[in-house]
Amino acid sequence: MKFSSSGLAILALSGSAVAFTPSSVNTPRQHMSSSKLFVQMEAAPAKALPKIEKLKIASNYLRDPLNEQLTTEEIGISKDAYQILKYHGSYQQNNREKKGPKDYQFMLRLKQPAGELPPDLYRLLDDLSAKHGQGDLRATTRQCFQMHGILKGDLKTVISSIMNIGSSTVGACGDVSRNVMTTPAPFVSRDYEYAREYSKVFAQLFRPLSTAFSEIWLDGEKAASVETWAKEVAHHNVDEKMLYDNGRGIIIQDATEPIYGDQYLPRKFKIGVTVPGDNSLDIYTNDIGVVVITNDAGDLEGFNVMVGGGMGRTHNKENTFARAADHMGFVPKEHIWEVMKAIVAAQRDHGNRDVRANARMKYLVHTLGIEKFTKLVESYCGVEIQPWRPMAEWKYNDWMGWWEQGDGKLFYGQHIDNGRVKDEGDFRLKSALRVLVDKYNLHSILSPTQSIIFRDIDPKDKDGIEQVLREHGIKPIEEVDPNARLSMACPALPLCGLAQTEAERIMPSYIERMRALLTKMNLDDEEILMRMTGCPNGCARPYMAELAFVGDGAKSYQVWLGGSPVLTRTAYPFMSKMDTDKLEDTLEPILAMFIQQRQEFEAFGDFCHRVGADAIEAYSQGYTLGSVKA
């Protein structure tokens, strides 16, 4: 078959033989192994490189023009420098609600594989945010902290401080593998330990190798401390496995970036790792989802691997869409290194670099189909992917509240509304976290739902921890609305340049209004997984939710329905341009139909998926407000 997208490869299949004509973006550059490839490569017609690809090449491995722009007297940096700065973990932002000249500031995002947050790192971030930021921190949906409000002149101080304490911002943004997620539950069991271990392994395996980061932020010196996760997986000899060349095209002729090359990937790349049954991390939204498979004795046998998930889309462009990952198959533990590298190489060489809106790997998987994509991966790694191993059904849990850890200690999940760690009036979460870290030296984990989990707690400290939280105005988990626990929202206005409307600041009122509507209809026990974003890019993973609001204009949202309560399928668009004042009028008919036609124990998202948009629309048109209650 031939790909319709100009940036994709031309694929021909004949039995087990596979021949590829790669995108013209790659063939002129040295993106081939020196060894003979298993696949047959033919040159495609020459095509001009898109501007972003030229910029990556001209950057000299992520140095220029950022290096020069950081030294100017301007409060901001150029558009080209900003694109390169993303790879260093930062976004240039402007408060869109302030009138007058643009007041540039910078958001900095950390790299925290598995979401792990040592106490010394939290203390540093708390101090840096107070001295150089806007005074708060924000937990993201990919298990890492962001810090907002940093001035250009303070970037070097902040980033070097983070690097010297054994952390990093490298790869938190840009066209590389982003922060690797895992289930946040810190259970002391072999399967959970493998999940945490391999999330750090993959973070280290796919880190950018350019020395630009230490040159720019540390004046060329080594960091005072090696990254924490790098030390923890040093026994795997990750670099040796990274650089191993099987002669099939994974490793390219590039001394600086042997996996990425000087163009890096076509688009951002996301990896998640979990155990069977635990879908607390939205595993199907990742480019690669990895599930630990152990035998009855608890020994690691290998991994179930899924590919092709992703959330981003563009309004009114049907060739962009959210997609849940496909099951590719089972990979024995001894082959996981080469298979993971092969998947990344397949996207590097055959992803659509011509049309950035279609550059994520999900479009390559969708266009090829999972069988042909699997053959492509096999052609790179020389390993036959085995059938997907049966495993426990997926469940969703946010791991909030108190849990036994499995080694005599406890862990505690503290819910954070939309990830914002702040002090505001009597609500002093930021101060409370600092007291807990200082008093108990607690290690913590950021969760995929923008909350925080304290681990390794001595049971005798439980009462003291609860007292600290109460003294700082923090509700116990039993008093948090279940729908708030299930919800997520992106930051959106005023700092995000892509936001079309509110998200984080308005989501609490939506939760309150939904609670009032559920109470009115006698549905108080109903829990609905809701998410909101200020634009269609999907940072809060709205397209997996049972009910989602996606900003499509000022005070206007698309309504999406039918995602799974265990996060295994995408929702569908039900309505565009819902005015924020029409929330109750829009949702009451849907809830009434749910009351009258749901099956026993059927969740809201499963109901909407079963009946479909047309049936809900027909019911809504004939519905009289206030006429139905449970």
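Guide: Let us begin with Ser-576, which is partly exposed, with a relative accessible area of 45%. Please keep in mind that this is a predicted model, in which local features need pLDDT of at least 70 and side-chain atom pairs count only at pLDDT 80 or more, while totals for chains, interfaces and linings use all residues. Residues are numbered from 1 along each chain as its sequence is written, and side-chain values use heavy atoms, with hydrogens and water left out.

Visitor: Which residues is Ser-576 in contact with, leaving aside its neighbours within four places in sequence?

Guide: Ser-576, which lies in strand β25 (residues 572–579), is in contact with Asp-552, Tyr-557 and Gln-558, where contact means heavy atoms within 4.5 Å. The C-alpha atoms of Ser-576 and Tyr-557 are separated by 6.4 Å, and the two residues are 19 apart along the chain. Strands (E, at least two residues) and helices (H or I, at least four) are DSSP runs, numbered from the N terminus.

Visitor: Why does Arg-63 count as buried?

Guide: Arg-63 has 14% relative accessibility, which is under the 20% limit, and therefore counts as buried. Arg-63 lies in the loop between α1 (51–58) and α2 (66–69), and, with neighbours within four places in sequence left aside, its contacts are Ile-84, Ser-210, Thr-211, Ala-212, Glu-215 and Ile-216.

Visitor: What makes the pair Glu-97 and Arg-505 a salt bridge?

Guide: A salt bridge is a side-chain nitrogen of Lys or Arg within 4 Å of a carboxyl oxygen of Asp or Glu. For Glu-97 and Arg-505 the N to O distance is 2.4 Å, so the pair meets the rule. Glu-97 is in the loop between β4 (90–94) and β5 (104–109), and Arg-505 is in the loop between β21 (488–489) and α16 (507–520), so the bridge ties together parts that are 408 residues apart in sequence. By this rule the count comes to 41 salt bridges.

Visitor: How do you know that Lys-520 and Glu-588 form a salt bridge?

Guide: Their closest N and O atoms are 3.1 Å apart, which is within the limit of 4 Å, so the pair qualifies. Lys-520 lies in helix α16 and Glu-588 in helix α17 (residues 583–597), so parts that are 68 residues apart in sequence are tied together. Lys-520 is partly exposed at 42%, whereas Glu-588 is buried at 3%.

Visitor: Why are α13 and α14 called roughly antiparallel?

Guide: Two packed helices are described by the angle between their axes and the distance between the axes. Axes are lines fitted to C-alpha atoms, for helices over the stretch in contact, and angles run from 0 to 180 degrees between N-to-C directions. Angles under 35 degrees count as roughly parallel, over 145 as roughly antiparallel, 65 to 115 as roughly perpendicular and the rest as oblique. Helix α13 (residues 429–440) and helix α14 (residues 462–471) pack at about 155 degrees, with their axes 9 Å apart, and α13 and α14 are therefore roughly antiparallel to each other.

Note on methods: Buried means under 20% relative accessible area, exposed over 50%, partly exposed in between (1.4 Å probe, protein chains only).
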